[in-house]
Amino acid sequence: MSVRLKDGTNWVYTRDNWVRMNGDWGKVRRVYVRADGQWRLVHQNNIQAEQGTMGDGTSTYIEHSNYVQLYAESVSGSGALASMVLSDRVDLTNVKTIRYRILSQSSSPGAMNDVILTISNSKIGTLGNAVKSFYSPQQYNDWTTLNLNVQDISGWYYIRVHASVNPGTYNLVRVVRVSEILLVFNDNSEVLLWNSSMG
């Protein structure tokens, strides 16, 4: 996500933003504006997707130009987990929904394998340390929007996505592709938090 500044008559995107405080220059990580009596995050620098916890089985995390792919295959009955996590904690105060653009496929939809959306205090971990989560065993062959309701949550959390296959399964595959993540605020305004072009 970039900040735009006006250069003469043209609006241009900036890549890195710096501010001088107490004589020293430092990179700006977040930009807030005050609206309706509340401070709102409008820009967060350097939010990137990273590989999260990878479980048993055959699990891969691959960054493509327009999506991140998670592949989880249970080959020995022990299950499988592939995870993506955003690089920094995100303030979810006054956010009602985290909205994800997802494509999710399975070798056996609905049979002990899921796409799972979570928030957590921990960057790395399994589903056991999730504060909130949304499970979907369905298959989404076309890009679709999935939502995680966080209206009752406030404070800073890591946002994670998991491709999960339950233990006790054999040769079962779940593939999840993620292209973007947005925040939807209580007043229904939206902020793009991450997309694949941001890394």
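Arginine 99 first. Its relative accessibility is 25%, so arginine 99 counts as partly exposed. Keep in mind that this is a predicted model.

What does arginine 99 pair with? Its side chain meets that of glutamate 190 in a salt bridge, 2.7 Å from N to O.

Next, lysine 123 and glutamate 50. They form a salt bridge, with the closest N and O atoms 2.9 Å apart. Again, this links distant parts of the chain, 73 residues apart. Lysine 123 lies in the loop between β13 and β14, while glutamate 50 is in strand β7. Lysine 123 is at 25% relative accessibility and counts as partly exposed. Glutamate 50, at 28%, is also partly exposed.

Now aspartate 152 and lysine 132. Their side chains meet in a salt bridge at 3.3 Å, N to O. Here the separation is 20 residues: aspartate 152 is in the loop between β15 and β16, lysine 132 in strand β14. Buried or exposed: which is aspartate 152? Exposed, with a relative accessible area of 59%. Lysine 132, at 22%, counts as partly exposed.

Last, a hairpin. It joins β8 to β9 through 4 residues. The two strands, residues 58–63 and 68–74, run antiparallel and are joined by 6 bridges. Glutamate 63 stands opposite valine 68 in β9.

How values were computed:
Residues numbered from 1 in each chain as written. Predicted model: local features only at pLDDT ≥ 70, side-chain atom pairs only at ≥ 80, totals over all residues. Heavy atoms only, no water. Pairing = 2+ DSSP bridges. Salt bridge = Lys/Arg side-chain N within 4 Å of Asp/Glu carboxyl O. Buried < 20%, exposed > 50% of the residue type's maximum accessible area, 1.4 Å probe, protein only.
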